[in-house]
Amino acid sequence: MKHYIYPRLAVNGIRKNKRLYIPYILTCIGMVMMFYIISFLSSSSTIEKLNGGSVLQSCLVLGCGVIGLFSLVFLFYTNSFLIRRRKKEFGLYNILGMGKWNLAGVLLWESLIIMAISILGGLFCGILFSKFSELLMVNILHAEIDFSLTVEPKAVELTVILFVSVFILLLFNTLRQIQMSEPIELLRSENTGEKPPKVNWMPALIGAALLIGAYALAVSIKGSVEAMFLFFVAVIMVIIATYLLFISGSVALCRMLQKNKNYYYKTNHFVSVSSMVFRMKRNGAGLASICILCTMVLVMLSSTLCLYIGAEDNFQKRYPRTIFMNFTVSEMADMNSDSINSIINSAESTAEEHGQTPENIMNYSMTTFFGNLNGNKIETSNVNDFTKATTICIVSLEDYNVLMNENEALSENEVLIYTSKGLKYKADDINLEGGLNFKIKKTVDTFVDNPVDIMNIMPSMFIFVPDLESAVQPLSNLADFSGNRLPRFYHYYGYDLNCNDEQQLEIYNAFSDKLHQQIDNGETAGMSISLDCAAMDRVGFYELYGSLFFLGILLGIVFIFAAVLIIYYKQISEGYEDQSRFEIMQKVGMNKKEIRKSINSQVLTVFFLPLLMSAMHLGFAFPLMYKILMLFAITDLMLIILITLGCFAVFAFFYIVVYKITSKAYYTIVSGAKN
């Protein structure tokens with residue numbers, strides 16, 4: 001056989017099956033484009049020079065791995081739709097005299113053509129949109145760059161190597177299927193699996209049990225730390241349960257619909273349910289994949305959007321004052337030492353030397369230790385499970401009244417308490433290990449933002465006592481399970497400045513120089529000091545939040561592409577499978593209107609199952625999401641609810657648009673069979 005016929009057959013095969021190949025090629029181009037963009041940003045020298053660029057690039061390197069692995073798995077999955085549709089054509093070629101090696105030649109040229117179009121088109125679009133992505137990322141990080149268009153050779157090389165490898169593996173997989181099949185099997189490939197599937201209740205029941213267990217786990221977790229550790233356990237349970245339910249449970253659902261005579265024996269339901277019951281076992285995995293992808297997109301976009309929108313509020317909590325100091329001392333008596341007062345005076349005088357008056361001064365002491373809440377007791381000797389631990393913070397009532405502008409009064413054994421990160425304490429009294437027993441007069445609603453609490457993954461309980469020294473003294477000998485002394489002593493001081501960021505940095509740098517001189521002179525012996533400036537750390541603070549949000553957008557786009565393509569191929573492949581059925585129904589009197597009703601019944605039943613299931617997954621995942629977001633100091637419940645509902649509404653609208661487009665394609669194939 002002349003070798004030049006192979007490329008001609010390959011081009012004709014792609015052209016005649018353009019309804020299948022064009023979306024596949026466009027998706028391949030999109031995958032290549034997204035991988036290049038992420039690889040470009042992760043290795044760009046321009047991004048590396050930006051404030052926050054290093055953190056973003058670290059996140060994007062992880063994103064490269066995720067998209068690379070996802071591209072391999074997803075393209076294998078979608079390629080199976082193409083091969084399944086083409087096997088009949090290959091079987092016909094085989095019967096007409098083309099050997100397996102001749103078919104391999106055709107497939108090789110098809111792969112080369114699709115690979116060339118995909119990689120070249122993806123690189124072109126990637127290079128074109130890389131600057132747009134760079135500008136979007138820079139805007140998220142609040143930075144500035146030039147507008148020159150650049151190409152990153154390392155990103156091009158990595159993209160070409162990855163996707164050439166992927167297409168080679170796809171070709172080998174296709175050749176394997178052709179080589180192991182007989183011509184008659186290839187001709188009948190579209191009709192395989194058409195035996196009435198039996199209802200297998202065991203996988204369905206296991207899936208239901210796993211799903212109920214995952215939901216129960218999600219709603220029963222109380223602590224944010226515990227939520228973070230168990231989140232992935234719940235995710236794995238949900239994924240396994242979803243696949244089991246869609247593969248086995250969907251068959252059971254169709255059988256139940258068939259037994260319902262009032263529903264089943266109607267024109268629009270009879271044909272649709274009869275068709276679904278045969279293909280559900282085979283296509284349940286596709287529906288489960290759509291459901292999982294939808295859930296991933298919804299959880300990822302809503303959570304990263306919450307992080308980004310709430311970043312400024314979190315920043316204000318992390319940096320409660322413009323200039324802020326944290327003194328850590330070894331003994332309680334040092335919390336109000338002359339050395340600390342000297343440093344505080346130096347900080348205030350530095351601001352005054354630059355023409356600024358310190359405002360909104362924060363100045364208080366606090367003792368902290370870890371403990372497990374057991375009823376109304378705080379146990380400190382067996383704190384070895386940090387998923388259940390709580391940070392106990394003891395502050396004097398005098399400092400509380402000054403900071404909160406209150407005038408509370410307490411008797412000797414009374415305290416006020418305040419809890420953070422969703423911690424609930426309902427007892428009327430509290431016992432500290434060491435013999436202290438306090439009656440809780442009131443639980444207050446708020447306290448000044450504290451960096452120890454904000455940066456800590458564990459919840460905190462603040463106990464406001466009449467006298468700090470007498471309350472802390474019995475705790476001085478407490479030790480943790482490793483023998484280390486538990487109580488830690490801190491003194492916090494900070495103030496705000498009514499000036500721009502540049503002047504704030506001048507004051508910060510001038511005071512930092514003075515502080516280093518005092519340290520060198522030995523004035524700070526026995527203590528450690530951390531000095532923060534909001535103006536200096538603002539850009540760095542947005543590194544993590546901006547990086548996660550940007551990566552969430554890119555991965556969300558990739559997963560949406562994947563879900564749309566799976567939906568499209570399901571509709572197209574099922575349309576071709578149903579041609580003969582609807583052609584017979586038209587011959588016996590079924591008109592176009594009845595066909596459309598039947599199609600709507602079938603598509604609505606199948607198409608919206610993944611969306612409804614993903615909405616249910618999202619609803620039960622919300623408590624976990626909220627608790628994990630609390631670790632990042634995102635505590636505005638109403639904001640998180642609105643963002644999550646907004647993301648679902650936008651996604652549902654997009655999903656309906658895809659439904660309209662794909663159902664029209666399905667109807668065109670099915671109703672046009674007679675013509």
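This report describes aromatic pairs, salt bridges, cysteines and a surface patch in a predicted model.

## Basis

The model is predicted, so local features need pLDDT of at least 70 and side-chain atom pairs count only at pLDDT 80 or more, whereas totals for chains, interfaces and linings use all residues. Residues are numbered from 1 along each chain as its sequence is written, and side-chain values use heavy atoms, with hydrogens and water left out.

## Aromatic pairs

The structure holds 14 aromatic pairs (ring centres of Phe, Tyr or Trp, the last by its six-membered ring, within 6.5 Å; planes under 30 degrees apart are stacked, over 60 edge-to-face, the rest tilted). One of them joins Phe 35 and Phe 163 edge-to-face, at 5.9 Å centre to centre and 80 degrees between the planes. Because Phe 35 belongs to helix 2 (residues 18-43) and Phe 163 to helix 6 (residues 153-179), this pair ties together parts 128 residues apart in sequence. Helices (H or I, at least four residues) and strands (E, at least two) are DSSP runs numbered from the N terminus. Both Phe 35 and Phe 163 are buried (buried is under 20% relative accessible area, exposed over 50%, partly exposed in between; 1.4 Å probe, protein chains only).

Tyr 490 and Tyr 492 are stacked, because their ring centres lie 6.0 Å apart with planes at 15 degrees. Tyr 490 is buried at 10% relative accessible area, and Tyr 492 is buried at 0%. One aromatic cluster includes Tyr 490 and Tyr 492, with Phe 324 and Tyr 364 also among its members.

## Salt bridges

Two salt bridges are found in the whole structure (a side-chain nitrogen of Lys or Arg within 4 Å of a carboxyl oxygen of Asp or Glu). Lys 514 pairs with Glu 353, with the closest N and O atoms 3.1 Å apart. Lys 514 is partly exposed at 25% relative accessibility, while Glu 353 is exposed at 55%.

Glu 408 and Lys 442 also form a salt bridge, at 2.6 Å from N to O. Glu 408 is buried at 16% relative accessible area, and Lys 442 is partly exposed at 37%.

## Cysteines

The disulfide count is zero (a pair of cysteine sulfur atoms within 2.5 Å). The closest cysteine sulfur to that of Cys 306 is in Cys 647, 7.2 Å away and therefore too far for a bond. Cys 306 is buried at 1% relative accessibility.

## Surface patch

Phe 124, Leu 128, Phe 129 and Phe 132 form a nonpolar surface patch with about 460 Å² of accessible area together. Patch residues have over 30% relative accessible area and no salt bridge; like charges are joined within 9 Å, and nonpolar side chains (Val, Leu, Ile, Met, Phe, Trp, Tyr) within 5 Å. Accessible areas come from the Shrake-Rupley method with a 1.4 Å probe; for residues, only the protein chains shown count as cover. Phe 124 lies in helix 5 (residues 100-141) and is exposed at 57% relative accessibility.
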